[in-house]
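Thanks for coming, everyone. Please bring up the model on your screens, and I'll walk you through it.

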Amino acid sequence: MESAKADQTDGAGPEGQHARPGGAANRTVPGRAMNSFSPADEEKFRGVRRMKLTATGLLLFVAVVYVLAKWAGNSGAGAWTGYVAAAAEAGMVGALADWFAVTALFRHPLGIPIPHTAIIPTKKDQLGVSLGEFVGENFLSRDVVRQRLRAVGIGSRLGTWLADPEHADRVTAELATALRGALAVLRDSDVQAVVGEAINRRADAQEIAPGIGKMLEKVVADGGHRRVVDLICVRAHDWLVFHNDQVMDAVQGGAPGWTPRFVDKRVGERVYKELLRFVTEMRDMPAHPARGALDRFLTDFANDLQSDTDTRARVENLKREVLGRGEVQDLIASAWSSVRQMIVSAAEDERSELRLRVRASLLSLGARTATDAKLQAKVDGWVEGAAVYIVTTYRDEITSLITDTVAGWDAEHTSKKIEAHIGRDLQFIRINGTVVGSLAGLLIYGVSRALGA
């Protein structure tokens with residue numbers, strides 16, 4: 001009966017009280033991991049207690065059977081009582097042995113500090129280190145990661161998944177949300193500063209005069225500038241026709257004060273007529289000498305931009321002056337604001353050209369990836385390479401996360417948590433020990449009797 005009492009202690013005695021969530025034994029250090037019991041944990045604890053009562057009840061049952069069998073045997077009930085007593089006795093031994101083994105995992109049986117008991121509370125940190133090493137060696141190795149990812153076939157699955165229009169719509173919406181979020185986080189002043197610095201750095205790093213010279217040389221060689229000249233001549237002719245009074249007033253206003261007014265007027269009229277004739281001839285005569293002179297000037301200027309040191313230096317100084325002006329920086333700022341607003345509007349509009357193009361690209365990519373073995377191999381290689389890099393680079397950090405987390409748990413509380421999750425199954429070991437012990441005792445007794453006979 002002492003064995004039964006000892007087993008009852010496991011379920012309802014001092015150690016049993018340790019397993020009750022919400023009791024005084026559950027007072028833990030605030031801020032430590034695994035120091036609180038959830039409703040699910042409490043439900044598991046109730047299940048553990050029920051199984052403890054069942055296992056203890058079975059132990060009490062075989063103890064009562066043993067006492068009754070011994071009493072019946074002493075009373076001359078027959079040889080069968082020996083078989084029953086042997087089975088019950090072995091059942092008690094098995095039950096007590098398994099009770100000790102199960103209890104020793106979580107606490108000292110009966111509170112006695114027997115060596116190699118209370119294994120989980122006392123060996124928690126070592127178990128955490130072993131668990132971290134086990135995970136690192138068996139799950140975070142290069143070969144294991146590559147083998148598992150290759151077996152999954154990410155490229156093929158990803159292609160099939162993206163080829164579904166519904167999934168493409170979902171990815172497009174998520175990308176649009178992420179884009180809006182990124183633009184909302186970015187400050188305009190920061191972006192403008194970065195863009196301005198990038199433009200200035202790029203402009204300073206590369207001389208623009210030779211490039212402009214080559215472009216101008218090609219334009220003149222192809223005759224592309226002639227349309228510009230035609231447009232200027234047409235506009236100049238029309239301006240002179242509609243502003244003849246202003247031209248003559250300007251000429252007369254610049255004449256000496258001692259000349260007669262009629263002479264100034266005649267000179268103004270003459271100058272106006274010559275200007276109008278010159279512009280009209282340039283407009284109507286493709287072979288006009290002034291056009292030829294302009295061609296030669298542009299050709300020479302293009303050559304100077306590429307080879308003349310003084311001209312190139314002047315262009316560089318002009319470039320720096322232009323980029324340094326506040327108007328240019330304001331233009332950069334306004335351009336970014338316009339671009340940002342345009343992108344945000346396009347991301348919010350489900351029928352915008354941006355989202356439609358992204359969706360079409362995703363569908364096309366999915367269809368290709370689902371059928372193209374080479375593309376699938378590339379995607380698998382990228383994923384495997386990225387995963388292997390992360391695993392090999394940060395394996396120690398990942399395993400140390402497991403080790404440090406376990407080390408930060410309260411030992412007693414961790415033991416209770418683990419018992420809540422696996423204790424119910426462990427109680428079946430006690431029940432099985434009782435049953436198997438009884439059968440083994442019966443078999444041994446029967447064999448002994450047979451050999452003795």
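Let me start with a definition: helices (H or I, at least four residues) and strands (E, at least two) are DSSP runs, numbered from the N terminus. With that in hand, take Ile 208, which sits in the loop between helix 10 (188-205) and helix 11 (209-222).

Two notes on where the values come from. This is a predicted model, where local features need pLDDT of at least 70, side-chain atom pairs count only at pLDDT 80 or more, and totals for chains, interfaces and linings use all residues. Residues are numbered from 1 along each chain as its sequence is written, and side-chain values use heavy atoms, with hydrogens and water left out.

Now the overall picture. How many helices and strands does the protein chain have? There are 20 helices and 0 strands. Next, burial. Buried means under 20% relative accessible area, exposed means over 50%, and partly exposed is in between (1.4 Å probe, protein chains only). Of the 453 residues in the protein chain, 32% are buried.

On to contacts, meaning heavy atoms within 4.5 Å. Take the contacts between residues at least 6 apart in sequence: 75% of them join residues at least 24 apart.

And the surface. Accessible areas come from the Shrake-Rupley method with a 1.4 Å probe, and for residues only the protein chains shown count as cover. The protein chain exposes about 28,200 Å². Carbon and sulfur atoms supply 61% of that area.

Back to Ile 208. At 31% relative accessibility, Ile 208 is partly exposed. Ile 208 also belongs to a nonpolar surface patch, together with Ile 212, Met 215 and Val 219. Together they have about 310 Å² of accessible area. The rule for patches: residues with over 30% relative accessible area and no salt bridge, like charges joined within 9 Å, nonpolar side chains (Val, Leu, Ile, Met, Phe, Trp, Tyr) within 5 Å.

That rule mentions salt bridges, so here is the cut-off: a side-chain nitrogen of Lys or Arg within 4 Å of a carboxyl oxygen of Asp or Glu. The structure holds 15 salt bridges.

First up, Lys 52 and Glu 419. Their closest N and O atoms are 3.0 Å apart. This pair links distant parts of the chain, with Lys 52 in helix 3 (residues 39-74) and Glu 419 in helix 20 (residues 411-452). They are 367 residues apart.

Next, Glu 384 and Arg 150. Their side chains meet in a salt bridge at 3.3 Å, N to O. Glu 384 counts as buried, at 6% relative accessibility.

Then Glu 281 and Arg 277, a salt bridge of 2.9 Å, N to O. Both are in helix 14 (residues 261-284), and because they are 4 residues apart there, about one helical turn separates them. Glu 281 is partly exposed, with a relative accessible area of 25%. Arg 277 is partly exposed as well, at 41%. Both belong to a network of salt bridges that also links Arg 270 and Glu 274.

Ala 40 is in helix 3, and at 42% relative accessibility Ala 40 is partly exposed.

Ser 415 lies in helix 20. Ser 415 is buried, with a relative accessible area of 3%. What does Ser 415 contact, leaving aside neighbours within four places in sequence? The answer is Phe 106, Ile 120 and Pro 121.

Last stop, backbone angles. Look at the loop between helix 4 (80-106) and helix 5 (119-122), the place of Leu 110. Leu 110 has a positive phi of about 55 degrees, although it is not a glycine. Leu 110 is partly exposed, at 43%. His 116 is in the loop between helix 4 and helix 5. His 116 is not a glycine either, and its phi is positive, about 65 degrees. His 116 is exposed, with a relative accessible area of 74%.

That's my tour. Over to you.
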